[in-house]
Amino acid sequence: MSIFRRLFGQKESSSAQAKNRLKLVLVHDRVDLSPGKMELLKDELIKVISKYVEIDSDGIDISLSRNNEQSQLVANIPLLEVRHK
Amino acid sequence: MSATVITITSGKGGVGKTTTTANLSAALAAQGKKVVAIDADIGLRNLDVVMGLENRIVYDLVDVVEGTCRLRQAMIKDKRLQDLYLIPAAQSRDKTSVTPGDMIELTNQMRDEFDYILIDSPAGIEQGFKNAVAPADRVLVVTTPEVSAVRDADRIIGLIEAEEKGPGDLVVNRLRMDMVRRGDMLDTSDVIDILAINLIGVVPDDENIIVSTNQGRPVVMSNGSTAGQAFRNIASRLNGQNVPFIELKEESSFIKKISNFFRA
């Protein structure tokens, strides 16, 4: 990281951006699931799960990740508890 | 002799496949091996000009496959080295003029006579790539430290595995240490981290490559360039030698340091 970037607390270096963007795009490429399709998947998932339990749709986080040679779809779906209504 | 067939590929165009093929062929020949380089980029031939043999083409790869000439007639001998030959691509035909089966048959005819058969693959993932990879015993994937080239390399590695040609070995080409140090270029370790395959060589960005291509004389044929040394090292590694990676340094002129300071 250059001196200026360090002094003025600028954003991450362009090589770090490149690496992060590449990691993300390759996770999608490798399983052939584009970010656009992920959105569709998320919407359908919300519909299906909502049939059974009430969910906090603002707090939903669905992402693809990769570790140990295995790609995985990680969904964090917060549920609304009846008692809090 | 039983030749090892090595295909040089990349997915993305313009990352240095042809330069790599020309230099590794010449370096292996300079190390006493008998080598033939095949240009599989039918319709866009260039290995001939990079090697400086363009004026001696009579017959080409498609002529051999179609039986217009004998195999030997299409092999151009490079007079600068003991045992280096080129089979040029056809220029006025397309990739469908040759099949993967043709390439396997062609290389099998040469396996007894040569130590190495190097195949320069065209860019892309279509038939030209499939032709080039079909006869391969090992595959070298060339990339540059840029997002587009690395992404395409990842795709190509997947296709090579699908063809059961192993994950291949990676050549990182055109690395600029000054930019890496500034944080403006992916480092070799980043690329390896992302692609997770074996690294066989790192070639620095070097003006000598342009000059040598202008002259039609692969850099490994002259001493003094870092890129040439990097290619010679890859050739040695292909030969099974354990050669340490050269430590690449940025050109350290005072003015460059000053300008880098302000550029960032």
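Predicted model: local features only at pLDDT ≥ 70, side-chain atom pairs only at ≥ 80, totals over all residues.
Let's start with helix α9 of chain B, whose buried residues are D190(B), V191(B), I194(B) and L195(B).

Residues are numbered from 1 along each chain as its sequence is written, while chains are lettered from A and ligands numbered from 1 in the order in which they are written. The predictor gives the complex an ipTM of 0.81 and a pTM of 0.88. Chain B averages a pLDDT of 94, with 94% of its residues scoring at least 70; pLDDT is the predictor's confidence in each residue, from 0 to 100.

Back to our helix. What covers the buried residues of α9(B)? The cover includes α2 (14-31) of chain A, together with β6, α7 (147-162) and β7 of chain B. Helices (H or I, at least four residues) and strands (E, at least two) are DSSP runs, numbered from the N terminus. α9(B) spans residues 188-195 and lies across β6, β7 (169-175) and β8 of chain B, running at about 145 degrees to β7(B). For such angles, axes are lines fitted to C-alpha atoms, for helices over the stretch in contact, and the angles run from 0 to 180 degrees between N-to-C directions.

Eight strands form an open, mixed sheet in the order β3-β4-β2-β5-β1-β6-β7-β8. At its edges sit β3 (76-77) and β8 (198-204), each pairing on one side only. Two strands pair if DSSP finds at least two bridges between them. β1 (residues 4-9) and β6 (residues 138-143) of chain B pair in the parallel sense over four bridges, and T9(B) has V141(B) as its bridge partner in β6(B). Another helix, α11(B), packs on the sheet, touching β1, β7 and β8 of chain B, at about 160 degrees to the direction of β8(B).

Let's stay with α11(B), residues 226-238, which holds Q229(B). Is Q229(B) buried or partly exposed? With 18 C-beta neighbours inside 10 Å, Q229(B) counts as partly exposed. Its C-alpha atom is 9.9 Å from that of P204(B), 25 residues away along the chain. As for F231(B), leaving out residues up to four places away in sequence, this residue touches N23(B), L24(B), A27(B), V203(B), V219(B) and V220(B). Contact means C-beta atoms, placed from the backbone, within 7 Å.

Finally, chain A. Its pattern along the sequence is α-α-α-β-β, and buried residues make up 4% of its 85 residues. Strands β1 (residues 61-67) and β2 (residues 70-76) of chain A pair in the antiparallel sense over seven bridges. Within that pairing, R66(A) has S71(A) as its bridge partner in β2(A). The hairpin has two residues between the strands, and N68(A) takes a positive phi near 50 degrees.

Note on methods. Buried ≥ 20, exposed ≤ 12 C-beta atoms within 10 Å, placed from the backbone. Contact = placed C-beta atoms within 7 Å.
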